[in-house]
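Trainee: I would like to learn how to read a few features of a fold. Can we take them one at a time?

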Amino acid sequence: MRNVVLARVDDRLIHGEVVSVWAPSLSVNRIVIADDGVAADKFNSRVLKALAPAGVKVNVYSVDSAGEKLREDEIKGERIMVLAKSPITFQRLVDKGVLIREVNLGGMGLRDERIPFIKNVSASPAEMEAMKDMRSKNVRVYYQLVPEQQIIEADDYLK
């Protein structure tokens, strides 16, 4: 199983917080984006790869492909950050047998069926169900915008 050091939900995927704070603080050397839409959009994939910090490899996969790749044997010294736009993606990865112990909720904007959830996180009823399902499988779900900020556990908000 590949070494996932952070599984983060963030609408923006690769952006300032990821590049300047999360990746360096966790010594990330690979970012895996798991998103069917982005994987199908070659231009958007190239843009996201260009935004990565120096020395960090970026792979953009469909959720199914990401599940396959993340279940492969560990590569010595590899430290992976997995980014997705919704907790539903991580629920799917967990269901595919990917070892994810924690899901970090970052920027999830107010759109479509999403309602305010925690701080600047909004979630749809389906996303809340996905988080509850992951919690039932002992996957920790929490909000933390940047590493220096206090962690807020999602459990109380999911009731």
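**Reading contacts, a helix and a pocket**

Mentor: Start with one residue's surroundings in this predicted model. Leaving out residues up to four places away in sequence, Arg8 touches Glu17, Val18, Trp22, Val82, Leu83, Ala84, Phe90, Asn104, Gly106, Gly107, Gln144 and Leu145.

Trainee: Is Arg8 buried or exposed?

Mentor: Buried means under 20% relative accessible area. Arg8 has 0%, so Arg8 is buried. Arg8 sits in strand β1, residues 4-9.

Trainee: Which side chain makes a polar contact with the side chain of Arg8?

Mentor: That of Glu17, at 3.2 Å.

Trainee: Which residues of α6 are buried?

Mentor: First the general idea. An α-helix has 3.6 residues a turn, so residues three or four places apart point the same way. In α6, Glu127, Met128, Ala130, Met131 and Met134 are buried. Seen down the axis, the buried residues of α6 fall within an arc of 155°, so they line one face of the helix.

Trainee: What do the buried residues of α6 pack against?

Mentor: They pack against α5, β5, β6, β7 and β8. Just after α6, Asn138 takes a positive phi of about 65°.

Trainee: Where does the largest share of the lining of the largest pocket come from?

Mentor: From β1, with four residues. The pocket's volume is about 220 Å³. Its lining includes Met1, Leu99, Arg101 and Tyr142.

Notes
Residues numbered from 1 in each chain as written. Predicted model: local features only at pLDDT ≥ 70, side-chain atom pairs only at ≥ 80, totals over all residues. Heavy atoms only, no water. Helix = DSSP H or I, 4+ residues; strand = E, 2+ residues; numbered from the N terminus. Buried < 20%, exposed > 50% of the residue type's maximum accessible area, 1.4 Å probe, protein only. Polar contact = N/O pair within 3.5 Å; in protein donor to acceptor, adjacent residues only side chain to side chain. Contact = heavy atoms within 4.5 Å. Arc of directions from axis to C-beta. 1 Å grid on protein atoms, 1.4 Å probe; cavity = no way out; pocket = protein on both sides within 12 Å on 5 of 7 lines; lining within 4 Å. Points joined across faces, edges and corners; volume = space filled by probe spheres on them.
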